[in-house]
Amino acid sequence: MKYAVLVYEGLEDYSARTDSDRAGAYWGAYRAYSSALREAGVAAGGTALEPPDRAVSIRIRDEKRTVHDGPFADTKEQLGGMFLIDVPDLETALEWAARCPAAAWGAVEVRPVLVMGSDSAQ
């Protein structure tokens with residue numbers, strides 16, 4: 001079964017990506033996690049996202065389009081990226097999510113991937 005491992009980080013965490021003192025440890029932790037997923041044969045995709053200030057949200061209300069800069073939700077932690085994993089069950093997905101670097105400083109959400117055309121998607 002496929003699960004999305006959604007990585008949520010605070011703005012301070014995003015700054016680690018480009019901070020010369022912290023970038024090596026930050027990216028090193030994610031490289032190690034990505035390698036572990038691949039070596040275990042559970043990696044099924046994923047990507048990092050640009051920081052929240054690069055996000056744009058769109059809403060259609062009364063047939064009018066409104067575009068807003070920034071992420072959809074105003075929260076402490078923003079979606080920073082995702083890993084797609086293919087594992088047998090939720091418990092295994094949670095075990096992998098607990099190994100994600102952001103679990104130590106942000107939040108990691110695990111969500112089953114909806115299979116379009118299945119009974120649950122109708």
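Helix α2 buries Ala23, Tyr26, Tyr30, Tyr33, Ser34, Ala36 and Leu37. The model is predicted. The cover over these buried residues includes β1 (2-10), α1 (11-16), β2 (43-48), β5 (77-86) and α3 (90-99).

**Helix geometry**
- Helix α2 spans residues 23-39, a run of 17 residues.
- From the first C-alpha to the last, α2 reaches 24 Å, close to the 24 Å expected at 1.5 Å a residue.
- Gly41 follows α2 and has a positive phi, near 75 degrees.

- Tyr26 and Tyr30 are four residues apart in helix α2, which is about one turn of the helix.

**Aromatic pairs**
- The whole structure contains six aromatic pairs.
- One of them joins Tyr26 and Tyr30: the ring centres are 5.3 Å apart and the planes stand at 55 degrees, so this pair is tilted.
- Because Tyr30 lies in helix α2 and Phe83 in strand β5, the pair ties together parts that are 53 residues apart in sequence.
- Phe83 is buried, as is Tyr30.

**Aromatic cluster**
- One aromatic cluster is formed by Tyr26, Trp27, Tyr30, Tyr33, Phe83 and Trp105.

Definitions and conventions:
Residues are numbered from 1 along each chain as its sequence is written. This is a predicted model: local features need pLDDT of at least 70, side-chain atom pairs count only at pLDDT 80 or more; totals for chains, interfaces and linings use all residues. Side-chain values use heavy atoms; hydrogens and water are left out. Helices (H or I, at least four residues) and strands (E, at least two) are DSSP runs, numbered from the N terminus. The expected span of a helix is 1.5 Å times one less than its number of residues. Buried means under 20% relative accessible area, exposed over 50%, partly exposed in between (1.4 Å probe, protein chains only). Contact means heavy atoms within 4.5 Å. Rings of Phe, Tyr and Trp (its six-membered ring) pair if their centres lie within 6.5 Å; planes under 30 degrees apart count as stacked, over 60 as edge-to-face and the rest as tilted.
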